[in-house]
Amino acid sequence: MKRFKVRVDNQMFYVEVEEIPGEGAMAAPAVATAPVARVAAPAPKAAPAPKAAAAPKAPKAAPAGGGGMTAPMPGTILDVRKNVGDVVKAGETVLILEAMKMENEIQADRAGTIAEIRVKKGQAVSAGEVLVVIE
């Protein structure tokens with residue numbers, strides 16, 4: 001038996017590997033199925049302070065006369081399915097937002113006409129940011 005110390009996602013594991021006699025050097029080593037012991041990982045080092053950058057633009061508020069559809073979570077716009085001037089029904093998909101490797105259909109919250117589209121394909125958005133204005 002050989003013992004090895006393995007780091008996975010900054011966590012240390014001790015594993016034992018048994019060498020099988022008669023197997024050539026090309027054989028893959030057998031790894032123990034259960035960890036023998038778990039060692040606490042050292043505390044991560046603090047990241048250096050980022051360089052001063054321009055302040056991000058605050059999202060525009062929805063106009064008083066129309067309803068602004070907001071992003072329910074941060075993500076990236078994968079597709080814009082409607083155009084300015086299109087008439088939409090409540091529940092109709094307006095755009096696709098990718099968040100946490102999942103594609104989320106952002107649907108119209110009410111019927112109306114799309115007055116403004118404030119995002120484009122590939123754009124990163126924050127939670128609460130106005131995406132589309134429906135009048």
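Helices (H or I, at least four residues) and strands (E, at least two) are taken here as DSSP runs, numbered from the N terminus. The structure is a predicted model, in which local features need pLDDT of at least 70 and side-chain atom pairs count only at pLDDT 80 or more, while totals for chains, interfaces and linings use all residues. Residues are numbered from 1 along each chain as its sequence is written, and side-chain values use heavy atoms, with hydrogens and water left out.

On these terms, the protein chain has zero helices and eleven strands, giving the pattern β-β-β-β-β-β-β-β-β-β-β along the sequence. Contact means heavy atoms within 4.5 Å. Among contacts between residues at least 6 apart in sequence, 51% join residues at least 24 apart. The accessible surface is about 9,900 Å², and carbon and sulfur atoms account for 56% of this area; such areas come from the Shrake-Rupley method with a 1.4 Å probe, and for residues only the protein chains shown count as cover. Residues are called buried under 20% relative accessible area, exposed over 50%, and partly exposed in between (1.4 Å probe, protein chains only). Of the 135 residues in the chain, 23% count as buried.

Valine 8 is partly exposed because its relative accessible area is 42%. Together, Phe4, Val6 and Val8 make a nonpolar surface patch of about 230 Å². Patches are made of residues with over 30% relative accessible area and no salt bridge, with like charges joined within 9 Å and nonpolar side chains (Val, Leu, Ile, Met, Phe, Trp, Tyr) within 5 Å.

Turning to the sheet, two strands are said to pair if DSSP finds at least two bridges between them. Strand E9 (residues 112-117) is joined to E11 by three bridges, and the two run antiparallel. Glutamate 116 has valine 133 in E11 as its bridge partner.

The largest nonpolar core contains 15 residues, and those with the most contacts inside it include Met69, Val94, Leu95 and Val132. Strands E7 (93-99) and E11 (130-134) are the elements that give two or more residues to this core. A nonpolar core is a set of buried Ala, Val, Leu, Ile, Met, Phe, Trp, Tyr and Cys residues joined through side-chain atoms within 4.5 Å. Leaving aside residues up to four places away in sequence, valine 132 touches Gly67, Gly68, Met69, Val94, Leu95, Ile114, Glu116 and Ile117.

Side chains of opposite charge can pair when their charged atoms come close. With a salt bridge taken as a side-chain nitrogen of Lys or Arg within 4 Å of a carboxyl oxygen of Asp or Glu, the count comes to three. Glutamate 92 forms one with lysine 82, their closest N and O atoms being 2.6 Å apart. This pair links distant parts of the chain, ten residues apart: glutamate 92 lies in the loop between E6 and E7, and lysine 82 in the loop between strand E5 (75-80) and E6. Lysine 82 counts as buried because its relative accessibility is 17%, whereas glutamate 92 is partly exposed at 24%. In another salt bridge, the side chains of glutamate 116 and arginine 118 meet at 3.1 Å, N to O. Here glutamate 116 is partly exposed, with 28% relative accessibility, while arginine 118, at 19%, counts as buried.
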